[in-house]
Amino acid sequence: MGSSGKGKLEVEEQSGAAVCRTAHSLSSSIVRKRSDPELVSRIRFRVTRQLLANLQQVILGTKLCVLFPAIPLAMLAHLYCFKRPWIFALSLLGLAPLAERVCFLTEQIANYTGPTVGGLLNATCGNATELIIAMLALHQRKIHVLKYSLLGSILSNLLLVLGTSLFSGGLANIKDHQRFDRKQSDVSTSMMLLGLLCVALPLMVRYSVGESESAVSSAAALWLSRANSSFMLGAYAAYLFFQLKTHRQLFDSPEDEEDNGLEEEAEIGLWSALVWLIGMTLTIALLSEYVVGTIEEAADTWGLSVSFISLILLPIVGNAAEHAGSIIFAFKNKLDIALGVALGSASQILMFVVPLCVTVGWMIGVKMDLDFGLLETASLAFSILVTVFTLQEGTSHYMKGLILCMSYLVIASCFFLHKLLPTYHHDDPRSTATGVKTA
């Protein structure tokens, strides 16, 4: 191979490595901090030196490391049977740094696997915390917690994260409009509109049948949900192929090529990253089990509804790192990254995590469907429509961000008031749609 061929190959490898860093990983990199290698370089034994170096990179390499003590404290609280709200709060705090570290580790692995596998890994693990919580809630038959937590993740990304990003970016550039590339946002919003159609149809089927045939309508809604979930998973697979293969350039952020070039080199080895990733995933699963198992007691103690905690608190705390990164990038007039984080996470949860839960529930005999209830589906529909209209011009200012934030506050206040309506069972999404009173 000639020198020109080698040069071309090197350029392709560099561009591929840069593509591995998605908007999701770029946003999480905001809360990372550089470690000083000289602190462990004087250790005599190689194995000990490498172990301490990995600890320094993985544990101390984030500004959220101050929250890591919450993890052993949550385990001790569970072991010694502390009050369950304490277990819930400590577990929730411990999930925040773990979610950011999982993103860091997948990015490290992506440096060794190439652009396609690395991008697929980043796309799959981008919402690992939400996926694990959803699977545990499904296993424990807590369908209401599952539905509210997934819906809350979508709403927080579309309204809260995107809204605060546009608002802060608009204030930083108050004399001018911020511009972004509409190609990526158009694909993501189209995916979410498809997901909204699949979620709304089972609800419409149940309402189209009279109360005398409620059992028939529930069965029809369940099987329609399973069919729609298959279509949604197929559409998401096509979306990944579109993003990682045929139209990869649409999802690459040209304004951060210089930053990507500085981050191409891996900081830890492949096997070390895999071991750390497995360990942190298991820790997330343990803390998520604590969260799911104690959420009702925490809601009763704090005087809040399970719907409000699942819909509002879980998404905000669980994704605090990437949310903060998205806002900072928007403040720096890099809206493409902020949009990639918010829209990418929302579309992944709606088109991948939600239908995956329906499919897994089908396999294990749990009647999980896409019927989120009338109030919940309406909130999702209006959130998607407001987002679509906000992004249709390809420009942004602080007023658009303010409207999205206000929309989120309106929805949050609505679910907060669930606790003030004692005649309805608010922890079941279907009760808000059917209006069935509890004893």
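In the predicted model, C405 is placed in helix α18, which spans residues 398–416. With a relative accessible area of 15%, C405 counts as buried, because the limit for that class is under 20%. The C-alpha atom of C405 lies 9.7 Å from that of S165, although the two residues are 240 residues apart along the chain.

Helix α9 comprises residues 143–172. The distance from the first C-alpha of this 30-residue helix to its last is 42 Å, close to the 44 Å expected at 1.5 Å a residue. A bend of about 40° occurs in α9 at S156. Of the 30 residues of α9, 25 are buried, so the helix is largely enclosed by the rest of the structure.

Salt bridges were then examined. The whole structure contains 6 of them. Side chains of opposite charge can pair when their charged atoms come close. One of the salt bridges involves K147 and D369, whose side chains meet at 2.7 Å, N to O. K147 belongs to helix α9 and D369 to the loop between α16 and α17 (374–391), so this pair ties together parts that are 222 residues apart in sequence. Both D369 and K147 are buried.

A further salt bridge joins K142 to E296, with 3.1 Å between the closest N and O atoms. Distant parts of the chain are linked by this pair, since K142 lies in the loop between α8 (128–139) and α9, whereas E296 lies in helix α13, 154 residues apart. K142 is buried, at a relative accessible area of 14%.

The salt bridge between D186 and R182 has its closest N and O atoms 3.6 Å apart. D186 and R182 are both in helix α10 (residues 182–208); because they are 4 residues apart, about one helical turn separates them. D186 has a relative accessible area of 31% and is partly exposed. R182 is also partly exposed, with a relative accessibility of 35%.

S305 is located in the loop between α13 (270–302) and α14 (306–318). The relative accessible area of S305 is 5%, so the residue is buried. Its side chain makes a polar contact of 2.9 Å with the side chain of S307. A polar atom of the S305 side chain also lies 3.2 Å from the backbone nitrogen of F308. T359, in turn, is part of helix α16 (residues 335–364). This threonine counts as buried at 17% relative accessibility, and its side chain reaches the backbone oxygen of P355 at 2.9 Å.

Backbone geometry was considered last. Most residues other than glycine have a negative phi, and most peptide bonds are trans. C81 is not a glycine, yet its phi is positive, at about 55°. The residue lies in the loop between α5 and α6. C81 is exposed, with a relative accessible area of 66%, a value that falls in this class because the cut-off is over 50%. N333, likewise a residue other than glycine, has a positive phi near 65°. N333 is placed in the loop between α15 (320–331) and α16. With a relative accessible area of 37%, N333 is partly exposed.

Note on methods
Residues are numbered from 1 along each chain as its sequence is written. This is a predicted model: local features need pLDDT of at least 70, side-chain atom pairs count only at pLDDT 80 or more; totals for chains, interfaces and linings use all residues. Side-chain values use heavy atoms; hydrogens and water are left out. Helices (H or I, at least four residues) and strands (E, at least two) are DSSP runs, numbered from the N terminus. The expected span of a helix is 1.5 Å times one less than its number of residues. The bend at a residue is the angle between axes fitted to the seven residues ending there and the seven starting there. Buried means under 20% relative accessible area, exposed over 50%, partly exposed in between (1.4 Å probe, protein chains only). A polar contact is a pair of N or O atoms within 3.5 Å; within protein, one must be able to donate a hydrogen and the other to accept it, and residues adjacent in sequence count only if both atoms are side-chain atoms. A salt bridge is a side-chain nitrogen of Lys or Arg within 4 Å of a carboxyl oxygen of Asp or Glu.
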